[in-house]
Amino acid sequence: MRKFLIAGNWKMHGAKQQVAMLVNGIKQGIPAYSNVSALVLPPFVYLSQVHDLIGAAPIKLGAQNLYTEKQGAFTGEVSGAMLKDMGCDYVLIGHSERRTLFHDDLKTVAAKFSAAIQAGLTPILCIGET
C-alpha cells in the first residue's frame, strides 16, 4: 500500500508553548493513520525542542532551508550537516517565498538541493507554487 507524506511547514510562526501543544497534538492523532507519514518543518530556533518532543513518535523532522556550504564564516546560515546533527531527515528547497523574497534562483536552488543530498537529507523540491 502506498504511504502518504503529510508535511507541515510552520514558516515563521510559533512560540515554545505553541510548539509543544502542536507536536503533542500531532503525536496523539498520528497513530490513527497507518498509511500516513507525518513531517514537521518548524523554524530553526525550535528544531531542538521539536526533536525532543517527537521522541520515539512516528513523526519526521525537517528544516525550512539550508545553506550551500558545509561550514565557514556565513553568519546566520545553517548547513546540511548541522540539520542532520539536530535530527532532521528532510529539508525544503526552492520554496516560492525563498525564490521571491530572498531571490533564490535556479542555480542557488540546485546548489542547495545538492548540499542536502550530500548531507544525507531528503530534499523536498518546491516547484510551480506561483
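**Entry 1. Glu129**

I started at Glu129, which is in contact with His95 and Ser96 once its neighbours within four places in sequence are left aside. The model I am reading is a predicted one. Glu129 sits in the segment after β5 (122–125). I looked up its accessibility: the relative accessible area is 42%, so Glu129 is partly exposed. I also took a C-alpha to C-alpha distance from Glu129 to Glu97 and got 9.3 Å, for a separation of 32 residues in sequence.

**Entry 2. Glu97 and its partner**

I checked where each end lies: Lys11 is in the loop between β1 (4–9) and α1, and Glu97 is in helix α4 (residues 96–101), so the pair ties together parts that are 86 residues apart in sequence. I found Lys11 partly exposed, at a relative accessible area of 31%. Glu97 is partly exposed too, with 32%.

**Entry 3. The other salt bridges**

How many salt bridges does the count come to? I noted 4. Side chains of opposite charge can pair when their charged atoms come close.

Lys84 forms one with Asp89, and there the closest N and O atoms are 3.9 Å apart. The cut-off is within 4 Å, so this pair qualifies. I noted Lys84 as partly exposed, with a relative accessible area of 35%, and Asp89 as partly exposed, with 25%.

Arg98 forms another with Asp104, with 3.5 Å between the closest N and O atoms. I followed this one further and found Arg98, Asp104 and Lys112 linked in a network of salt bridges. Is Asp104 buried or exposed? Its relative accessible area is 9%, and buried means under 20%, so I put Asp104 down as buried. Arg98 has 22% relative accessibility and counts as partly exposed.

**Entry 4. Backbone angles**

I went back to Lys11 for its backbone. Lys11 has a positive phi of about 55 degrees, although it is not a glycine. Most residues other than glycine have a negative phi, so I wrote the residue down. I then turned to His103, which is not a glycine either and has a positive phi of about 60 degrees. His103 is found in the loop between α4 and α5. Its relative accessible area is 61%, which makes His103 exposed.

**Entry 5. The fold as a whole**

I counted secondary structure next: the chain has 5 helices and 5 strands. Read from the N terminus, the order of elements is β-α-β-α-β-α-β-α-α-β. Among contacts between residues at least 6 apart in sequence, 69% join residues at least 24 apart.

For overall dimensions I took the C-alpha atoms, which fill a box of roughly 40 × 35 × 25 Å along the principal axes. The radius of gyration is 15 Å; a compact globule of 130 residues would have one near 14 Å, so the value agrees. The chain exposes about 8100 Å², and carbon and sulfur atoms supply 57% of that area. Of the 130 residues, 33% count as buried.

**Entry 6. The nonpolar interior**

In soluble globular proteins, nonpolar side chains tend to be buried together. I looked up where that happens here. Which residues of the largest nonpolar core touch the most other members? They are Val50, Ile54, Leu83 and Val91, in a core of 25 residues. I listed the elements that each supply at least two residues of this core: α1 (16–29), β2 (36–41), α2 (47–54), β3 (59–63), β4 (90–93) and α5. Another core lies apart from it, with 5 residues, among them Leu39, Leu41, Leu92 and Cys126.

Not counting residues up to four places away in sequence, Leu83 touches Phe44, Leu47, Ala63, Asn65, Leu66, Val78, Cys88, Val91 and Leu121.

**Entry 7. Nonpolar residues on the surface**

Last, I looked for nonpolar side chains on the outside. Phe113, Ile117, Leu125 and Ile127 form a surface patch, with about 380 Å² of accessible area together. Phe113 belongs to helix α5 (residues 106–118). With a relative accessible area of 30%, Phe113 is partly exposed.

Note on methods
Residues are numbered from 1 along each chain as its sequence is written. This is a predicted model: local features need pLDDT of at least 70, side-chain atom pairs count only at pLDDT 80 or more; totals for chains, interfaces and linings use all residues. Side-chain values use heavy atoms; hydrogens and water are left out. Patches are made of residues with over 30% relative accessible area and no salt bridge: like charges are joined within 9 Å, nonpolar side chains (Val, Leu, Ile, Met, Phe, Trp, Tyr) within 5 Å. Accessible areas come from the Shrake-Rupley method with a 1.4 Å probe; for residues, only the protein chains shown count as cover. Helices (H or I, at least four residues) and strands (E, at least two) are DSSP runs, numbered from the N terminus. Buried means under 20% relative accessible area, exposed over 50%, partly exposed in between (1.4 Å probe, protein chains only). A nonpolar core is a set of buried Ala, Val, Leu, Ile, Met, Phe, Trp, Tyr and Cys residues joined through side-chain atoms within 4.5 Å. Contact means heavy atoms within 4.5 Å. The radius of gyration is taken over C-alpha atoms; the globule rule is 2.2 Å times the number of residues to the power 0.38.
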